[in-house]
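Please keep the sequence and the model in view while reading.

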Amino acid sequence: MEVRHDNLKIEKPQKDLHIKVLPTTKFKTTTITLKFMAPLDSETMTARSILSKLLVRATKQWPSDKDFNRHLSHLYGAYVNSFVSKFKDKHVITISLELVNERYLKDQTPLFEKGLELLKEMIYNPLILDNHFDETFVTQEKSLLSKKLNAMIDNKSQISFLNLLKYMFGEQPYRHLATGQVEYIADITPETLYHTYQSMLQNDYCAVYVVGNVDQQQVKSQIQTYFNINPFSFELSQANPIGQAHAKPQVIVETDDIDQAKLNMGFKLPAKYGDPEYFAMIVFNVMFGGDPSSVLFNEVREKQSLAYSIHSQIDAKNGFLFVLSGVSIDKYEVAKETIVSEFEKFQQGDFEEDKITLAKKVILSQRQESHDRAKSIIEIMNNNILLDEPMSEESYISGIQNVGKLEIQQLAQATTLDTIYILTKGGDD
């Protein structure tokens, strides 16, 4: 059985690997990140979520938490982590290793090579025996995920956002958290996880990113040696997840035992990442509700005291904007009307030029900050998968700077309010 498993490991997965290396002297550490992408599927998300945690806990060579952590400490306190996320129409398992750059060590330990050996061991030799994962680890990870998801269900802000997605997207997997759903946990076993793992190795598209003070060509060739990498082809669906089409916004009011109402709205944007209107979308979001300088924050929260909290956020890859707020039980109607009215002002061009200038400053300052974290740099690099040509930093900056009032107004005019979801206090009946 062991032999068969080892033979599987080098055959197909690498056909779809792509490697991007960013040499920089900004960090004393080197970050190596692998992203495994599969179609977004309600049936598999929960198992993949548990798998992501198992892969960074133990391997055949280091079969316990203690062994694994001792090995990390021998690598000068290397740090390993994993998480799952949604990316366009894909479910992504991200596995990341951060280790001290060997150039900054007194001795000549080939730390980068040792890091690659560790990643190879984690991905190709996890703690699997007779085609199933370790029972104890699986039980622990199932319990941890169950607690995490149940805590989210008890969080009224989180559950009201998920309810907005449910009504907006129906049965589409986009409505779910990348971490999965409680109802799928019970059926996951050490054996089924082995199949989830094999599917990841054989079918997932995989991208590798390295950020640190490294030699680009040398690192690429090292990764190819360790992971036997071939050319790749990767397709993302151009279709966005769309629920029912509504002639006018659907309004859903539900009740619960809560102290403050949750008022959430889902908008469909006419553009997505990489489109010419993408930059106007970013500027519009910051002006509308994405920053403390925004109109929603100032008008709804500060001036009219209608909301305890309010902000907007976008999923630029799929073209959606969400407004999430906590409001007084007796004020949610007024708050709803005020938010809609502020949105309509953008459609009418009723906003000041200086607000555009301020929004651009906020965006470019945040972008600058993101270059101070290797993790953020890797996410920016990964977004380029969505484009025919990678977006340079210069084109991002000029794209933001060139957004004018007319582009923002036209974007707002082509944006539709799709769903309004309200969770408020129940009646006494």
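The sections below cover the basis of the model, the domains and their interface, the salt bridges, and several individual residues.

## Basis of the model

The model is predicted; local features need pLDDT of at least 70 and side-chain atom pairs count only at pLDDT 80 or more, while totals for chains, interfaces and linings use all residues. Residues are numbered from 1 along each chain as its sequence is written, and side-chain values use heavy atoms, with hydrogens and water left out.

## Two domains

The domain assignment gives domain 1 (19–226) and domain 2 (250–425); such bounds come from an automatic or database domain assignment. Between the C-alpha centres of domain 1 and domain 2 the distance is 30 Å.

The two domains are in contact: 27 residues of domain 1 meet 37 residues of domain 2, where contact means heavy atoms within 4.5 Å. The size of an interface is often given as the accessible area lost when the parts come together. Here, buried area is the accessible area (1.4 Å probe) that two parts lose on being put together, summed over both. For domain 1 and domain 2 this area is about 2800 Å², with carbon and sulfur atoms giving 69% of it. Phe87, Lys88 and Met168 supply 23% of the area that domain 1 buries against domain 2, more than any other three residues.

## Polar links and composition of the interface

A salt bridge is a side-chain nitrogen of Lys or Arg within 4 Å of a carboxyl oxygen of Asp or Glu. By this rule, three salt bridges cross the interface of domain 1 and domain 2. Lysine 156 and aspartate 256 also form a salt bridge through their side chains, at 2.9 Å from N to O.

On the side of domain 1 that touches domain 2, the elements giving two or more residues are strands S1 (17–23), S2 (29–39), S3 (79–87) and S7 (205–212), together with helix H6 (156–169). Helices (H or I, at least four residues) and strands (E, at least two) are DSSP runs, numbered from the N terminus. H6 provides the largest share of this side, 10 residues. By class, this side of domain 1 has 17 nonpolar, five polar and five charged residues. Ala, Val, Leu, Ile, Met, Phe, Trp, Tyr, Cys and Pro count as nonpolar, Asp, Glu, Lys and Arg as charged, and the others, Gly among them, as polar.

## Salt bridges in the whole structure

A search of the whole structure finds 16 salt bridges. One of them joins the side chains of lysine 268 and aspartate 418 at 3.3 Å, N to O. This pair links distant parts of the chain, with lysine 268 in strand S9 (residues 261–268) and aspartate 418 in strand S12 (residues 416–425), 150 residues apart. Both lysine 268 and aspartate 418 are buried; buried means under 20% relative accessible area, exposed over 50%, and partly exposed in between (1.4 Å probe, protein chains only).

A further salt bridge, of 3.4 Å from N to O, joins the side chains of glutamate 333 and lysine 336. Both residues lie in helix H12 (residues 332–347), three residues apart, about one turn of the helix. Glutamate 333 counts as partly exposed because its relative accessibility is 39%, whereas lysine 336 counts as buried at 16%. Elsewhere, salt bridges that share partners join Arg57, Asp65 and Glu141 into one network.

## Individual residues

Serine 325 lies in strand S11 (residues 320–327) and is buried, with a relative accessible area of 4%. A polar atom of its side chain lies 2.8 Å from the backbone oxygen of leucine 263. Not counting residues up to four places away in sequence, serine 325 touches residues including Leu263, Ser309 and Ile339.

Isoleucine 420 is found in strand S12 and counts as buried at 5% relative accessibility. Beyond four places in sequence, the residues touched by isoleucine 420 include Val251, Leu263 and Lys336.

Tyrosine 76, although not a glycine, has a positive phi of about 55 degrees. Tyrosine 76 sits in the loop between helix H3 (65–74) and S3. Asparagine 131 likewise is not a glycine and has a positive phi, of about 65 degrees.

Methods
A polar contact is a pair of N or O atoms within 3.5 Å; within protein, one must be able to donate a hydrogen and the other to accept it, and residues adjacent in sequence count only if both atoms are side-chain atoms.
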